[in-house]
Amino acid sequence: LGLVGSEMCIRDRKADKTVTVKSAANSAAASADALADYANGLGFDDKVDTETASKKIQSFVDDYNDMIGALSESENQSVLQKGVIMVNTAKVYSSALKRAGVTVGGDNKLSFDKDKLTDIKAYEFKSTFGRGGFASKVTQKAEQIKRLQGSSGGLFSYSNAVTPSYTYNIGAMFSTYA
């Protein structure tokens, strides 16, 4: 009975980790989408509403950081790869993010100083956070993380529950290079 109880406890912890990672990825995707929608709505010569932009950026930064923290709980290699890609993307965008008051720390988390947002031009904001920008890329990776977190993370999985079945996860194979 002790072995069954410990197996159930391990399974419960794994389920909790899965929920934590998926929830954090869901929140990051939602706030990244909201930020991208705002950026996409700006015209070339528009003035960035710093109050609205600050709220959206702060929400995005908080949710991004929560997701980065939650990824440390994952044991899924494909999920961890997506996290590494996302962190590396933040580093690539670091100078553009800095113009918007967002810096990438040594711990790979973001910080936001709303006072540095005042001089940003609409086209800079749009290119940084809008379609094809950093927020869109975070949404894409967060959605991939949500899909992958519940899976085994490998190319093949095997289950012998009732009848043996084999599953080939072609997405995991291609996601390695995405």
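Residues are termed buried when their relative accessible area is under 20%, exposed when it is over 50%, and partly exposed in between, as computed with a 1.4 Å probe on protein chains only. Helices (H or I, at least four residues) and strands (E, at least two) are DSSP runs that are numbered from the N terminus. The model described here is predicted, with local features requiring pLDDT of at least 70 and side-chain atom pairs counted only at pLDDT 80 or more, whereas totals for chains, interfaces and linings use all residues. Residues are numbered from 1 along each chain as its sequence is written, and side-chain values rest on heavy atoms, with hydrogens and water left out.

Helix α6 covers residues 134-149, and its 16 residues should span 22 Å at 1.5 Å a residue, which agrees with the 22 Å between its end C-alpha atoms; the expected span is 1.5 Å times one less than the number of residues. Within α6, the buried residues are Phe134, Ala135, Val138, Thr139, Lys141, Ala142, Gln144, Ile145, Leu148 and Gln149.

The packing of α6 against helix α3 (residues 77-92) was then examined. Two packed helices are described by the angle between their axes and the distance between the axes. Axes are lines fitted to C-alpha atoms, for helices over the stretch in contact, with angles running from 0 to 180 degrees between N-to-C directions. The axes of α3 and α6 come within 9 Å and cross at roughly 170°, and the two helices are therefore roughly antiparallel, given that angles under 35 degrees count as roughly parallel, over 145 as roughly antiparallel, 65 to 115 as roughly perpendicular and the rest as oblique. In contact (heavy atoms within 4.5 Å) are Ser78, Val79, Lys82, Gly83, Ile85, Met86, Thr89 and Ala90 of α3 with Phe134, Lys137, Val138, Lys141, Gln144, Ile145, Leu148 and Gln149 of α6.

Rings of Phe, Tyr and Trp (its six-membered ring) pair if their centres lie within 6.5 Å, with planes under 30 degrees apart counted as stacked, over 60 as edge-to-face and the rest as tilted. By this rule there are eight aromatic pairs, among them the tilted pair of Phe60 and Tyr64, at 6.1 Å centre to centre and 45° between the planes. Phe60 and Tyr64 are four residues apart in helix α2, and about one helical turn separates them; Phe60 is buried at a relative accessible area of 1%, and Tyr64 is buried at 0%. Tyr64 and Phe134 form a further tilted pair, with ring centres 6.0 Å apart and planes at 55°, and this pair links distant parts of the chain, Tyr64 in α2 and Phe134 in α6, 70 residues apart. One aromatic cluster is formed by Tyr38, Phe60, Tyr64, Tyr93, Phe125, Phe129 and Phe134.

A salt bridge is defined as a side-chain nitrogen of Lys or Arg within 4 Å of a carboxyl oxygen of Asp or Glu, and three are counted by this rule. The bridge between Lys114 and Glu51 has an N to O distance of 3.8 Å; Lys114 lies in the loop between β2 (110-112) and α5 (122-129) and Glu51 in helix α2 (residues 50-71), so the pair ties together parts that are 63 residues apart in sequence. Arg99 and Glu124 meet at 3.5 Å, N to O, and because Arg99 lies in helix α4 (residues 94-99) and Glu124 in helix α5, this pair ties together parts 25 residues apart in sequence. Arg99 is partly exposed at a relative accessible area of 42%, whereas Glu124 is buried at 16%. Lys146 and Glu143 meet at 3.2 Å, N to O, and both lie in α6, three residues apart, about one turn of the helix.
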